[in-house]
Amino acid sequence: MIYCVKFALKDTMMKRVLTLLFLITGSILLYGSGDDLSLSKGTDQAVIVQLSPTVAQTYVWNNAKIEVHFTVPLDASSVQKNNIKLVHLSSKTNDHIDGTIEYDKYNNKVLYTPNALLEEGVYEVEIKSLKADKAYKSTQIKEIKYRFYVPEVIQGHQLPPEPDPVVNDSTLLGIDANGNGVRDDVEIWILNKYKDKHPIHVDIAFQAARAYKKVLETPEKAKEIYDEVDKAAYCELYYKYDAKYF
């Protein structure tokens, strides 16, 4: 961040405070698509060591791979492409995501790699017809089906999951699921507002949001934190009026 010469307009700071308070009192719906993430089948089988992404995970990267780790080796001939399906439930036509399937026999792991980055939305994984190795023929592997959510990526920032309005609005600090110091609903608003502008706008807005959050966390230190709040405004004014000359 460029060091900015200190100058500020008090009315600008007041507008920023009012804007933040407006955001804090707002509420956001969980998913526009209405798909229920909690629906699952066969995910609690003892033969499963780990699923990735996890069941109903709401913060999955768009380059994610589907991994299923089992307690026993599998019959490699049962690990076929048509035994794993990945469906984009949020798409209008429930698009099937094409990909490649591999079996890691040393770690008893099935890996499905989509051929392209995943778009925003709710996805459903379906895994069926897998069989344990002959030495473990008494072990049955039932059908596995579950869902996860891939947030939108804007200017390299992946949006956090939209928070439950009741929990989020129960305190001024709200929810910060990704732990970056910015309340999640504020972060989503910032990224959407500045998605078509220079990335510096996002950085400045994040800087301001973190400073205001510090004030809310420790109001007794508001005077000490005041300079931190000012810095974002100074940088924005510098960028707006002076950066074009350099």
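User: Which residue lies over the face of Tyr194?

Analyst: Lys193 lies there, at 5.7 Å from the ring centre. A charge is taken to sit over a ring if NZ of Lys or CZ of Arg is within 6 Å of the ring centre and within 35 degrees of the ring normal. Please note that this is a predicted model, in which local features need pLDDT of at least 70 and side-chain atom pairs count only at pLDDT 80 or more, while totals for chains, interfaces and linings use all residues. Residues are numbered from 1 along each chain as its sequence is written, and side-chain values use heavy atoms, with hydrogens and water left out.

User: How many helices and strands does the protein have?

Analyst: The protein has five helices and 10 strands. Helices (H or I, at least four residues) and strands (E, at least two) are DSSP runs, numbered from the N terminus.

User: And how much of the protein is buried?

Analyst: Of the 246 residues, 39% are buried. Buried means under 20% relative accessible area, exposed means over 50%, and partly exposed lies in between (1.4 Å probe, protein chains only).

User: Which strands are in the sheet that contains E7?

Analyst: That open sheet has four strands in the order E4-E3-E7-E8, with antiparallel pairing. Strand E4 (95-96) and E8 stand at the edges with a single partner strand each, so one side of each has no neighbour in the sheet. Two strands pair if DSSP finds at least two bridges between them.

User: How many bridges join E7 to E8?

Analyst: Seven bridges join these antiparallel strands. Glu124 stands opposite Arg147 in E8, and Ile127 stands opposite Ile144 in E8.

User: Is E8 mostly covered or mostly open?

Analyst: E8 is mostly covered, with six of its seven residues buried.

User: What about aromatic pairs: how many are there?

Analyst: The count comes to two aromatic pairs. One of them joins Tyr123 and Phe148, which are stacked at 5.7 Å centre to centre with 10° between the planes. Tyr123 lies in strand E7 (residues 121-127) and Phe148 in strand E8 (residues 144-150), so this pair ties together parts that are 25 residues apart in sequence. Rings of Phe, Tyr and Trp (its six-membered ring) pair if their centres lie within 6.5 Å; planes under 30 degrees apart count as stacked, over 60 as edge-to-face and the rest as tilted.

User: Where is His88, and what does it touch?

Analyst: His88 is in strand E3 (residues 84-88). His88 is buried, with a relative accessible area of 6%. Residues up to four places away in sequence aside, its contacts include Asn94, Glu119 and Tyr123. Contact means heavy atoms within 4.5 Å.

User: Changing topic: what is the order of strands in the sheet with E1?

Analyst: The order is E1-E2-E6-E5, an open sheet of four strands with antiparallel pairing. Its edge strands, each pairing on one side only, are strand E1 (48-52) and strand E5 (99-104). Within it, strand E2 (residues 66-70) and strand E6 (residues 109-114) pair in the antiparallel sense over four bridges. Ile66 stands opposite Tyr112 in E6.

User: Which peptide bond is cis at Pro53?

Analyst: The bond from Ser52 to Pro53 is cis, with omega near -5°. Pro53 lies in the loop between E1 and E2. Most residues other than glycine have a negative phi, and most peptide bonds are trans.

User: What is phi for Asn94 and for Ser129?

Analyst: Asn94 has a positive phi near 50° without being a glycine, and Ser129, also not a glycine, has a positive phi of about 65°. Asn94 is in the loop between E3 and E4, whereas Ser129 is in the loop between E7 and E8. Asn94 is partly exposed at 37% relative accessible area, and Ser129 is partly exposed at 48% relative accessibility.

User: Why is helix H3 described as largely enclosed?

Analyst: Seven of the 10 residues of helix H3 (residues 184-193) are buried, so the rest of the structure largely encloses this helix. Among the buried residues are Asp184, Val186 and Leu191.

User: Lastly, how far apart are Arg210 and Gly181?

Analyst: They are 5.5 Å apart in space, C-alpha to C-alpha, and 29 residues apart in sequence. Arg210 lies in helix H4 (residues 200-217) and counts as partly exposed at 33% relative accessibility.
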